[in-house]
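Please read the points below with the model open beside you. They take up one topic at a time.

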Amino acid sequence: MTTLRLRTAKIALFALALLPLGTLLRDAATGNLSAEPIEQITLLTGDWALRFLLFTLAVTPLRRISGWHWLIRFRRMLGLFAFFYASLHFLTYIVLDQFFDWSMIIEDIVKRSYILVGFATFCLLIPLAVTSTNGMMRRLGGKRWQRLHRLVYVAAVTAVIHFLWLVKADLGEPLLYALALALLFGYRIYASFRARSPAARGARPTSPGRGGVSRPRTASG
């Protein structure tokens, strides 16, 4: 993909990623929110945080299956939008739902398992967002950066658990997200076993060759 096309695609993805927020703001401005506006905002921001988290994890499998290596250029943006909507989800609870009543917030976190897991998920996403820049990657070093960013897998699991425990009646949607996550994990397990197979090891060159440079692997998302 050329530089111009890549830049255009990134701008288009950025605009599309803001559409859920734009729709929500439009509905708020025109009075078209539901009878429970705080609940609607909470659910919408939480849904999109989880969706962008799954989109981020889907980049590597899609890249390997399709051969479209340029997809990796969008992973950081998708991950940051997951954090963006998770932050809006968290702030909706803190500001609109609890009105900064910290004693009630702490009591909720202790007493309600789904809030505790949701809070843990948000905490896991913070270091991933903070260290998402190239500068932080260089500062941490490739291996440490990769180990840290494996927290995205834990965050995805806890996000799905948060949704499952939140929903009391219709489990269809959270189970669909759980299935999507299971498929993504399943692909990673399959790819890992395949990479460690004797045939795959025999196909790898033992040295980079004369004048060759071995490039470090980026963290799988």
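**Notes on the model**

1. Helix 2 (residues 37-66) packs against helix 3 at an angle of about 160°, and their axes are 8 Å apart. Axes are lines fitted to C-alpha atoms, for helices over the stretch in contact, and angles run from 0 to 180 degrees between N-to-C directions. The two helices are therefore roughly antiparallel to each other (angles under 35 degrees count as roughly parallel, over 145 as roughly antiparallel, 65 to 115 as roughly perpendicular and the rest as oblique). Helix 2 and helix 3 cross in a left-handed way, the term for a near helix turned anticlockwise from the far one by less than a right angle; clockwise is right-handed. By class, their contact has 15 nonpolar, eight polar and two charged residues. Here Ala, Val, Leu, Ile, Met, Phe, Trp, Tyr, Cys and Pro count as nonpolar, Asp, Glu, Lys and Arg as charged, and the others, Gly among them, as polar.

2. This is a predicted model, in which local features need pLDDT of at least 70, side-chain atom pairs count only at pLDDT 80 or more, and totals for chains, interfaces and linings use all residues. Residues are numbered from 1 along each chain as its sequence is written, and side-chain values use heavy atoms, with hydrogens and water left out.

3. The chain has 10 helices and zero strands (DSSP runs numbered from the N terminus: helices are H or I, at least four residues; strands are E, at least two). Of its 221 residues, 34% count as buried, meaning under 20% relative accessible area with a 1.4 Å probe, protein chains only.

4. Helix 5 (residues 113-130) and helix 8 (residues 151-166) pack at about 155°, with axes 8 Å apart. That makes helix 5 roughly antiparallel to helix 8. The crossing of helix 5 with helix 8 is left-handed. Residues in this contact (heavy atoms within 4.5 Å) include Tyr114, Leu124 and Leu128 of helix 5 and Val154, His162 and Trp165 of helix 8. By class there are 15 nonpolar, five polar and no charged residues.

5. How far can the model be trusted? The average pLDDT of the chain is 87, and 89% of the residues score at least 70; pLDDT is the predictor's confidence in each residue, from 0 to 100. Among the elements, helix 3 (residues 75-97) has the highest mean pLDDT (96) and helix 10 (residues 198-203) the lowest (60). Over residues 206-221 the pLDDT is below 50, although this stretch has 19 contacts beyond near neighbours in sequence. Where pLDDT is low, the predicted coordinates should not be read in detail.

Definitions and conventions
Buried means under 20% relative accessible area, exposed over 50%, partly exposed in between (1.4 Å probe, protein chains only).
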